[in-house]
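Please look over the sequence and the three-dimensional structure shown here before reading on. The report that follows takes up a few of its parts in turn.

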Amino acid sequence: MRIKCKVLAAVIIVLSVINMYAATPAIDERPKLVVGIVIDQLRTDYLDLLQTKFSGKGFLRLINNGAYYKNVSYSVDVNDPSVSTAILFTGTYPHINGISASSIFDLKSRRPVPILTDHEKIGNFTDETFSPTAIQVSTLADEVRINGDALGYVYSLSPDAQQSIIMAGHAANSASWINDVTGYWATTTFYKDFPASLSFRNYNTSLATRLDTLRWQPLLPLEEYPDIPRFRKFYPFKYSFMRNDKDRFRKFKKSALVNEEVTNVAMNYLQSLALGKRGEIDMLNIAYTLAPYEQCIDRDYRIELEDAYIRLDYQIERLLNAIDAAVGAENVLVFIASTGYFNDSKLDDEKFNIPTGEFHAARAKSLLNMYLMAIYGNGDWVLDYYDNHLFLNRSLIKEKDMPIEEMRTKSAEFLRRMSGVAAAYTIDEIINGINGPRVQKLHLALNPTFAGDVVISVKPGWQIVDSAYPSPKLIRDNSVNTPVIISGKDIPTIRITEEIDASFLAPTISRILGIRAPNAASHKPLILN
């Protein structure tokens, strides 16, 4: 009997080892190229609505030949492409990966700065100074490079600098973006490579030489856009980017036309860098945008939004065709992920009588400082306010030997009584995860290094009036379904409607590639085959 048990145990061990190796693809069966696509504010309902307007060779090709997750959610309230992209590529949340916002408040200069600011680096074709140092863990792109001992190439492209760097991670060859002032494709000297094709593009066919010839206007007759109110079908839109507009590059980067520029560069990379042809896994990460256009002529921007989807579908078709020609569809893994939110920033017309109000940051600072002076004596106790974070004057509090935890508590109590404030929490409550699910979300979203002493939330429908914003910022909670699509050889065609956490993506892609997951990935990989 003991012999039989030993034999059975040995068989179980052997089968377990066989299954373990079977779960990891053999080296010669792995994809030769991974193409990661992050689309800002991509919505599942618009993908479904516009299927009859798509060519069938862009979005639908991937959906009909891959795993389509229709309800991917984030465990924090994201409203920032840098935060979302970091979650997707690290597999964990800001309290671990460090990327809690695109901009953070610098206490020394008392002004907001990009979170990836690194004054020890310089820019190439830009005076911006960035590096991925603020990303505190490894990323999916890092693990691709580590797996091939730096022989695999990793490149990223985005209109936005920080999103490109986050997709590239610490170990990539290059991360490039479009400069706001010159329109040049730029990078940081943190990375050692700036492709010659980009330099050529900057010198010979730069956006500055072409932009005033570009026009964004409807691709289709207005009556062919579905679910559009009748009043919007009388007047077509038309946007241009003329030389006399100092903000023309910033506006272009927010428009649907920028996606074509990104695709053109990505296609050039496929050809000039021979991605996917050198034996190791290469990775090309691309960011597109489907955010509502801030310069829309009408509060109802649905035609512009639908037009942007239809245009992007064609760009994805072009990209997939270029991949087929360069590497072959059977050798590529493609994933598309949304940033997981929708920013509807247009205030409703007064004729609809929707409740609203204005929260003035400067007024809140002044009133709170007067309140604290009444308790603790004269002093500039409140340093500043930025992006829902209120900063107390910590150096003065330390100098006066005041109880900072008590001052935070009293500040939060006072702010909760202000008009328009839905909630206020101290940093101590958030770090310790006190007071339920809402604080747990804030805990996951917080990087304590950059956090204020009190974090507030303003009521939906209200506007925040602050000098940090060029115009009042409308608060609106938009509950939308956002997707992830994974397509490649041996990926089954499935539709998943159950809610899936966005942190699944990095470990799942890692499993498909047969490489390590990022070192802080908090979600088990999903098994697709």
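## Salt bridges

Arg232 is buried, with a relative accessible area of 3%, where buried means under 20% relative accessible area, exposed over 50%, and partly exposed in between, judged with a 1.4 Å probe on protein chains only. The model is a predicted one, in which local features need pLDDT of at least 70 and side-chain atom pairs count only at pLDDT 80 or more, while totals for chains, interfaces and linings use all residues. Residues are numbered from 1 along each chain as its sequence is written, and side-chain values use heavy atoms, with hydrogens and water left out.

The side chain of Arg232 meets that of Glu304 in a salt bridge of 3.2 Å, taken from N to O; the term stands for a side-chain nitrogen of Lys or Arg within 4 Å of a carboxyl oxygen of Asp or Glu. Because Arg232 belongs to the loop between S10 and S11 and Glu304 to helix H12 (residues 302–326), this pair ties together parts that are 72 residues apart in sequence. Glu304 is buried as well, at a relative accessible area of 2%. Helices (H or I, at least four residues) and strands (E, at least two) are DSSP runs, numbered from the N terminus.

The structure holds 26 salt bridges. Another of them joins Arg299 and Asp349, whose closest N and O atoms are 3.4 Å apart; Arg299 sits in the loop between S12 and H12, and Asp349 in the loop between strand S13 (332–338) and strand S14 (357–360), 50 residues apart. Arg299 counts as partly exposed at 48% relative accessibility, and Asp349 counts as partly exposed at 28%.

In strand S12 (residues 282–289), 8 of its 8 residues are buried. Both faces are covered, with Asp282, Leu284, Ile286 and Tyr288 on one side and Met283, Asn285, Ala287 and Thr289 on the other. In a regular strand the side chains alternate between the two faces of the sheet.

Two strands pair if DSSP finds at least two bridges between them. Strand S1 (residues 33–40) runs parallel to S12 and is joined to it by 8 bridges, with Leu33 having Asp282 as its bridge partner. Strand S7 (residues 154–157) also runs parallel to S12, through 4 bridges, and here Ser156 stands opposite Asn285. Ser156 is buried, with a relative accessible area of 0%. Leaving aside neighbours within four places in sequence, Ser156 is in contact (heavy atoms within 4.5 Å) with Ser164, Met167, Ala168, Ser174, Ala175, Ser176 and Asn285.

## An open antiparallel sheet

Elsewhere, 4 strands form an open sheet in the order S15-S16-S18-S17, with antiparallel pairing. Its edge strands are strand S15 (382–386) and strand S17 (421–426), each of which pairs on one side only. Neighbouring strands of this sheet are turned by 20° against each other on average, direction ignored, where axes are lines fitted to C-alpha atoms, for helices over the stretch in contact, and angles run from 0 to 180 degrees between N-to-C directions.

S17 is joined to strand S18 (residues 454–458) by 5 bridges, the two running antiparallel, and Ala423 stands opposite Ser457 in S18. Helix H15 (residues 404–416) packs on the sheet, touching strand S16 (389–392), S17 and S18, and its direction makes about 175° with that of S17.
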